[in-house]
Amino acid sequence: MESHVDLKKLKSIALPVGVIGLAASAYGYTQNHDAFAVSWLMGWTFWFFLTLGSLGWLMIYHLTSGRWGFVLQRPFEAAARLMPAMLLLFVPVLFSMHSLYEWTHEHVIAHDELVQHKLPYLNPTGFYIRFGVYAVIWTVLAFALSNLSRRADANGNPETVRKLRVISAPGILIYSLAATFASFDWYMSLEPHWFSSIYGAIFMVSGGLLTMLFMAVLAHHLAQREPMKGVITTQQFHDFGNWCFAFTILWTYMNFVQFLIIWSGNLYEETFWYMKRAKGGWIEFSAVMSIMLFFVPFFLFLFRNNKRNSKVLASIALVIFVARYLEVQWMIAPTFAFRADVAFHWMDLAAVAGIGGLWLWLFANGLKKAPLLSGDARFVEFAKGDKAGH
Amino acid sequence: MAPNSPPDQKQGFVEIEPVLDTHHTMETVTDKISAIPLSNTLPRSILGVGFAALLLLGSLMGAIFFLVVEGTGIWGINQPVGWGFDIINFVWWIGIGHAGTLISAILLLLRQEWRTSINRFAETMTIFAVMCAGLYPLLHTGRPWLAYWLFPYPNVMEMWPQFRSPLVWDVFAVSTYATVSLLFWLTGLVPDFATLRDRAKGKIAKVGYGIAAMGWRGSARHWQRYEIAYLLLAGLSTPLVVSVHSIVGLDFAVSVIPGWHVTIFPPYFVAGAIFSGFAMVLTLAIPVRAIFGLKDMITLNHLDNISKVMLATGLMVFYGYGMEVFFAWYSANEYEGFMKFNRMFGPYWWSYWALILCNGIIPQILWFKKVRTSPIILFFLSIIINIGMWLERFVIIVTSLHRDFLPSSWGMYAPTKFDIAMYLGTIGLFLFLMVLAIKFLPIISQFEVRELLHKKQHKNGH
Amino acid sequence: MKQPTANSMYGMVAEFHDTETLLKAANLVREAGYTATDAFSPIPVHGLVEALGIRRSRLAGIVLCGGLAGAATGFALQTYLSVFQYPHVVSGRPLFSWPSFVPIIFELTILFSAFAAVFGMFGLNGLPKPYDPVFNTPGFNRASTDGFFLCIQSNDPKYDPAATRALLEKAGAVQVTEVAKHPDDPE
Amino acid sequence: MAQVFHPAANIIARLSIVVGLGGLVGTLVLFDALQKSDYVTEVNMPREQIVPFSHKHHAALGLDCRYCHTSVEDGAFAGIPPTKTCMNCHSLIWNEAPILEPVRESWRTGTSLEWNRVHDLPEFVYFDHSVHLNAGIGCTDCHGRVDEMPLVWKEKTLYMTFCLECHRQPEKFVRPRDQVFNMAYEKPANQLEVGAELVRVHNINTSNHRLLDCYKCHR
């Protein structure tokens with residue numbers, strides 16, 4: 001079968017990093033449970049975005065049949081199949097709910113009318129049940145889609161493509177609903193008083209963007225070797241770049257309108273969330289974040305040549321990919337009194353590196369389990385044709 | 001060839017019909033499309049629509065006349081519902097005006113082949129819908145002849161627009177949108193005007209189309225710049241479309257009125273606009289393709305694709321409704337909660353449930369391929385969606401305003417006969433302009449259809 | 001002026017049946033060293049500008065400048081007017097309310113870019129130009145339906161009626177015509 | 001194929017763009033100029049009156065502004081004198097001058113003289129003379145050298161832009177209160193320093209650009 005030399009290298013780095021990171025996190029857990037919980041949630045979220053985003057992209061691809069997706073189908077599937085593993089890594093969060101979610105505290109419930117009002121939704125039992133529902137939805141979708149397409153490799157049946165579409169159409173609907181409410185449960189309820197109805201949409205766009213940045217980097221490396229060599233062409237890289245560009249704009253747009261509406265309304269019930277992000281060094285952090293996550297990628301992805309040269313594209317995408325951790329931090333950390341000032345806790349690094357190492361190692365393993373090029377009936381010609389031609 | 005589209009038909013499962021009948025030649029497609037503007041007659045049905053539109057146009061003139069003479073007091077607006085039909089219809093028309101640029105721009109960027117035969121149609125519709133939309137805020141000022149005060153210009157009062165107001169953003173957004181859509185449309189028309197110039201028989205037609213064509217002669221140098229400009233315009237129009245309806249959404253959302261101050265408004269307004277815009281494309285395209293025998297250019301494939309976009313955007317709109325309901329409760333804001341309850345069970349309960357029915361429930365039949373490929377069902381469905389989207393604006397505006405914080409200032413809203421005359425009148429204006437466009441312009445982009453045909457016939461010659 | 005015959009002639013125009021022969025002919029003509037050439041087609045033909053040796057247009061750069069100018073205008077206009085020209089406190093907002101300036105900055109960016117794109121394109125193309133000598137070519141009205149034309153202008157240094165005609169005929173032209181200018185044509 | 005257009009059409013086409021754009025800009029410039037012209041603003045155009053009353057002449061006689069405009073110091077409106085004020089003198093001097101016949105007629109019949117208003121602000125503007133005088137704004141700042149006008153004309157446009165000039169930076173204009181009625185007052189060389197001090201002394205509140213608030217003048 002195909003050679004996976006670069007994946008081997010990735011694995012040899014990822015595994016030790018993962019093990020060390022996880023061990024350090026475990027040590028952190030024994031030292032300071034609260035700090036561990038916040039760091040773990042941030043590290044986990046960053047990598048979970050890739051798994052969740054991949055599943056979303058996979059369904060978008062099946063529904064729209066773009067060529068950009070054909071070459072990424074297998075990486076998407078491999079990432080989406082890490083769903084059970086990622087959900088398992090969420091268990092420490094479940095054990096840390098008291099550290100993370102104020103609405104689990106008896107004395108808060110007793111004195112807070114607003115939280116009392118929300119109790120039918122914000123209660124641990126509901127939280128667990130919903131977590132189970134999301135887990136089932138995403139896991140079933142990820143495996144149904146990837147198993148089906150792997151089976152299609154064997155028989156090359158066009159009918160499979162139709163089935164993939166039939167699953168993806170309602171699939172993306174319930175996927176989005178689950179992601180929306182998951183974002184409310186896991187992140188919005190960190191501030192039980194705060195609410196914003198665009199939150200779920202921002203969450204999904206963040207995941208999609210992070211995934212596409214990752215895939216742009218990955219594709220550059222895959223394109224160096226068989227079987228992707230010659231299949232991922234300049235046009236595909238241009239498409240990845242355009243997706244990154246479009247999602248960067250979309251992400252900025254959604255965040256900006258949320259900010260603008262809350263800023264203009266100027267009601268304390270909403271503004272306090274931004275106020276926390278405007279003091280204790282967080283205002284500078286916000287500025288750096290908007291530069292790194294909007295201005296820099298916007299101007300870099302604007303130019304055609306940056307998108308058509310896979311090496312340039314991959315370098316840009318890698319930088320922005322790493323920088324996007326800033327958003328996760330911005331979204332979660334300022335909520336907690338002990339992180340009201342910008343401070344990078346050593347456990348942040350331990351968690352994101354530990355989970356990341358593990359994720360990449362599992363991903364590289366998963367990627368080997370199926371042929372890198374799917375036997376998708378829509379693109380048989382394409383997979384052969386362009387290789388022979390250019 | 002379009003690298004982003006699947007090689008259709010080959011595998012026999014993807015497409016229902018090709019997007020273009022490949023038995024055509026460049027000459028036959030050009031003949032077919034240019035026959036409509038170059039012939040001296042119009043089908044009776046179109047003439048009938050034109051005549052009916054002319055009558056409605058009369059009602060518009062009357063409504064405007066009385067408005068200018070009497071002032072906005074003749075409308076149904078008053079405290080507490082200070083925005084009524086004027087803004088409902090403004091948003092409705094602007095929403096309809098979104099499909100054009102969207103089809104043209106986004107689908108061009110996504111290299112979707114099915115864009116080609118409907119883009120001109122949709123762009124034309126956009127221009128006219130935006131004109132109808134613009135009338136409302138213009139007339140709502142009460143003194144339309146002073147509308148230039150809305151723009152920043154040096155004046156002896158040294159007064160400038162209040163840039164913190166979303167209504168001023170709207171002035172910029174809508175006028176930019178109108179200008180850019182017009183430029184995009186005219187740019188697309190120039191090569192087609194050249195075709196008509198070269199084919200027209202009469203002297204007047206020749207000179208008229210000749211002036212419009214500006215001397216286009218299909219030079220390779222010109223085409224090169226033309227294609228760059230066209231693609232860049234598409235790239236610019238896409239965020240523009242999104243911004244315009246977002247700003248319309250912000251007109252409401254930056255206030256603190258319960259039911260308006262919702263952060264999801266901008267994207268959900270955009271989805272709604274696309275939803276209604278595509279519905280209007282169907283409402284117009286289905287009869288036109290039947291009357292002029294354009295079924296080989298606007299194929300079932302087009303209808304299927306439009307339906308899919310409508311299904312997707314309709315679900316996004318429905319998601320928006322869902323978020324509104326959830327947050328009315330979750331926000332624990334009693335005004336928000338009351339507003340939602342009042343919307344559902346207050347005096348205007350019928351409008352809310354009719355909206356859910358028209359926009360949320362009935363469009364779910366689009367899940368079935370049978371529906372997506374049945375022009376008759378789609379035609380009626382598109383009208384239902386147009387009604388539903390109108391109701392959406394009615395619900396957002398009237399039910400949010402008529403019972404707000406102070407029960408002492410509660411009231412009801414009903415349009416007057418002038419409101420209704422004006423609304424029907426703008427529909428008349430829109431249809432009348434569409435009939436004129438069908439008569440004088442190539443309603444399908446000729447050079448793009450030729451280009452698509454060439455692509456399809458030379459698939460392997462690449 | 002010295003050569004009245006060449007001056008009264010616009011050039012040699014050849015008609016082709018399809019894009020392939022046109023492209024081949026264009027390559028041939030460029031390789032033969034002609035520079036004052038142009039091709040006319042009812043659809044944009046990919047590869048034609050390269051075949052004729054025409055440089056890529058700088059339109060994109062113009063549009064970028066237009067966009068930057070629009071953004072700068074939007075920012076300067078609102079900031080100057082709200083902060084300096086007429087400082088006016090509205091509902092307790094700061095004078096420099098940058099979040100609310102963003103929509104108009106954005107709109108003007110798009111507007112100026114679109115102007116740059118459209119007027120830049122027509123300007124670089126030298127349009128409007130309702131009269132052009134190439135329209136004198138017999139059958140040129142097909143250039144907007146299904147005719148493909150290649151033209152070598154008489155001001156080309158290599159222009160020679162007989163040789164040029166032979167080259168075009170060899171390239172597979174259906175018809176080659178030497179086209180005259182309008183007697184009143186000043187150019 | 002026959003040419004549709006004559007070669008001259010190219011020049012016409014290009015010219016029409018220039019003419020169109022030029023015409024548009026020209027029209028806008030013209031309208032702007034027109035609105036600022038004396039013809040529209042009536043600046044420097046002496047107003048005909050039923051009696052050709054000369055401020056120049058009466059001021060030269062030593063009459064104070066307040067002799068006729070009695071309420072200027074404590075009312076919004078400066079006041080137009082009743083016929084009685086004229087008759088205080090003109091029952092004794094020039095009491096048979098034909099030019100003053102309308103005054104005597106008014107005195108006999110009890111109907112007021114109908115003067116043509118020179119300084120006429122729009123209805124939606126609230127202007128208070130007393131406030132401005134107490135803040136140290138002199139008569140001449142708005143009315144010009146009325147003491148040198150035979151028939152009164154507008155010296156300033158009274159457009160909003162004129163009002164704003166002072167509302168933006170009152171220190172550029174304020175004078176000591178005892179100089180308010182001084183027609184020949186000249187600003188000192190260090191007006192800005194003096195003005196800033198006077199602004200403070202006269203309690204003119206300029207914080208937060210308060211003098212620019214809409215409701216200062218539009219109530």
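In this predicted model, the crossing of helix H2(A) with helix H18(A) is right-handed. Helix H2 spans residues 33-64 of chain A and helix H18 spans residues 325-332 of chain A, and the two pack at an angle of about 135° with their axes 10 Å apart. Because angles over 145 degrees would count as roughly antiparallel and those from 65 to 115 as roughly perpendicular, H2(A) and H18(A) are described as oblique to each other. On the side of H2(A), the contact is formed by A:Val38, A:Leu41, A:Met42, A:Gly43, A:Thr45, A:Phe46 and A:Phe49, which meet A:Tyr325, A:Val328, A:Gln329, A:Met331 and A:Ile332 in H18(A). The residues of this contact divide into nine nonpolar, three polar and no charged.

At the level of whole chains, chains B and C share the most contacts of the five pairs of chains in contact, whereas no contact joins chain A and chain D, whose closest C-alpha atoms lie 20 Å apart.

Within chain B, helix H5 (residues 119-140) comprises 22 residues and reaches 32 Å from its first C-alpha to its last, close to the 32 Å expected at 1.5 Å a residue. Of the 22 residues of H5(B), 17 are buried, so that the helix is largely enclosed by the rest of the structure. H5(B) is followed by B:Gly142, for which phi is positive, near 85°.

Positive phi values also occur in residues other than glycine. For B:Glu158, phi is near 50°; this residue lies in the loop between H5 and helix H6 (166-199) of chain B and is buried, with a relative accessible area of 14%. For D:Glu42, phi is about 65°; the residue is found in the loop between helix H2 (38-41) and helix H3 (55-60) of chain D, where it is partly exposed, with a relative accessible area of 36%.

Cis peptide bonds are found in chains B and C. One joins B:Gln79 and B:Pro80, with omega about 0°, and B:Pro80 lies in the loop between helix H2 (44-70) and helix H3 (85-96) of chain B. The other runs from C:Leu127 to C:Pro128, with omega near 0°, and C:Pro128 is placed in the loop between H5 and strand S3 (148-153) of chain C.

Note on methods: Residues are numbered from 1 along each chain as its sequence is written. Chains are lettered from A and ligands numbered from 1 in the order in which they are written. This is a predicted model: local features need pLDDT of at least 70, side-chain atom pairs count only at pLDDT 80 or more; totals for chains, interfaces and linings use all residues. Side-chain values use heavy atoms; hydrogens and water are left out. Axes are lines fitted to C-alpha atoms, for helices over the stretch in contact, and angles run from 0 to 180 degrees between N-to-C directions. Helices (H or I, at least four residues) and strands (E, at least two) are DSSP runs, numbered from the N terminus. Angles under 35 degrees count as roughly parallel, over 145 as roughly antiparallel, 65 to 115 as roughly perpendicular and the rest as oblique. A crossing is left-handed if the near helix is turned anticlockwise from the far one by less than a right angle, and right-handed if clockwise. Contact means heavy atoms within 4.5 Å. Ala, Val, Leu, Ile, Met, Phe, Trp, Tyr, Cys and Pro count as nonpolar, Asp, Glu, Lys and Arg as charged, and the others, Gly among them, as polar. The expected span of a helix is 1.5 Å times one less than its number of residues. Buried means under 20% relative accessible area, exposed over 50%, partly exposed in between (1.4 Å probe, protein chains only).
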